[in-house]
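Please read them beside the model.

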Amino acid sequence: MIVAAGKSAVAGVPEPDGYRLENYRSPTPATLQGVRVIGTVEAEKIWRSHSASFVDVLPRPPRPRNLPEGTLWRDTPRSNIPGSIWLPDTGYGALAPNMADYFSKGLDKATNGDRAKVLVLYCLADCWMSWNAAKRARSLGYSNVVWYPEGTDGWLAAGLPVQPAEPESRPDQ
């Protein structure tokens with residue numbers, strides 16, 4: 001079932017045939033074929049009912065491997081919807097095999113292997129990362145995929161709680 005999305009999705013933006021490969025921070029479509037699209041009010045209801053797994057796909061630059069000794073590295077802090085699992089860099093249109101495997105294993109962990117469990121994917125408003133990730137989850141056989149296009153921007157605007165987040169360990173760490 002497709003439901004009209006919140007403010008961040010735009011009716012005039014067509015769904016591409018495949019994944020979005022560039023300009024990830026731009027208006028998104030109001031729909032995603034085979035995926036339920038929700039706004040903040042419904043996201044909060046689902047979250048409060050504990051009936052779904054929430055997955056944040058906001059990208060996160062990794063610490064450069066060859067930083068000189070003593071160089072300070074400061075990660076950008078991320079807060080997400082409480083109880084979420086954070087799978088950074090899994091919303092790009094093309095994923096390297098190790099990142100595709102990381103995404104697949106992360107979804108398996110988030111749902112305890114239940115591909116029928118409700119799975120809510122999000123990022124920020126006007127971000128194709130969550131659209132791509134929801135499309136990819138559907139292609140992996142998850143039958144109850146929900147896309148929350150307003151993401152943490154909509155969540156915070158509604159005054160809902162967030163918690164500091166740490167991503168799941170990436171395959172290159």
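1. Histidine 50 comes after α1, and its phi is positive, near 55°. Keep in mind that this is a predicted model.

2. Helix α1 spans residues 40-49, and its buried residues are Thr40, Ala43, Ile46 and Trp47. These residues lie on the same side of α1, because they cover an arc of only 125° around the axis. Val41 and Lys45 are exposed and sit on the face of α1 turned away from the buried side.

3. The cover over the buried residues of α1 includes β3 (36-37), β4, β7, β8 and α4 (151-157).

4. The largest nonpolar core has 31 residues. Those touching the most other members are Val55, Val57, Phe103, Leu107, Leu119, Leu121 and Ala137. Two or more residues each come from β6 (85-86), α2 (97-111), β7 (118-122), α3 (128-139) and β8 (145-148). The most come from α3, which gives 6 residues.

5. Leaving aside residues up to four places away in sequence, valine 55 touches Ile85, Leu87, Leu107, Ala110, Leu119, Val120, Leu121 and Tyr122.

6. Serine 53 belongs to strand β4, residues 52-56. Its relative accessibility is 7%, so serine 53 counts as buried, the cut-off being under 20%. With residues up to four places away in sequence again not counted, serine 53 touches Ala110, Thr111, Lys117, Val118, Leu119 and Val120.

Conventions
Residues numbered from 1 in each chain as written. Predicted model: local features only at pLDDT ≥ 70, side-chain atom pairs only at ≥ 80, totals over all residues. Heavy atoms only, no water. Core = buried A, V, L, I, M, F, W, Y, C linked by side-chain atoms within 4.5 Å. Buried < 20%, exposed > 50% of the residue type's maximum accessible area, 1.4 Å probe, protein only. Helix = DSSP H or I, 4+ residues; strand = E, 2+ residues; numbered from the N terminus. Contact = heavy atoms within 4.5 Å. Arc of directions from axis to C-beta.
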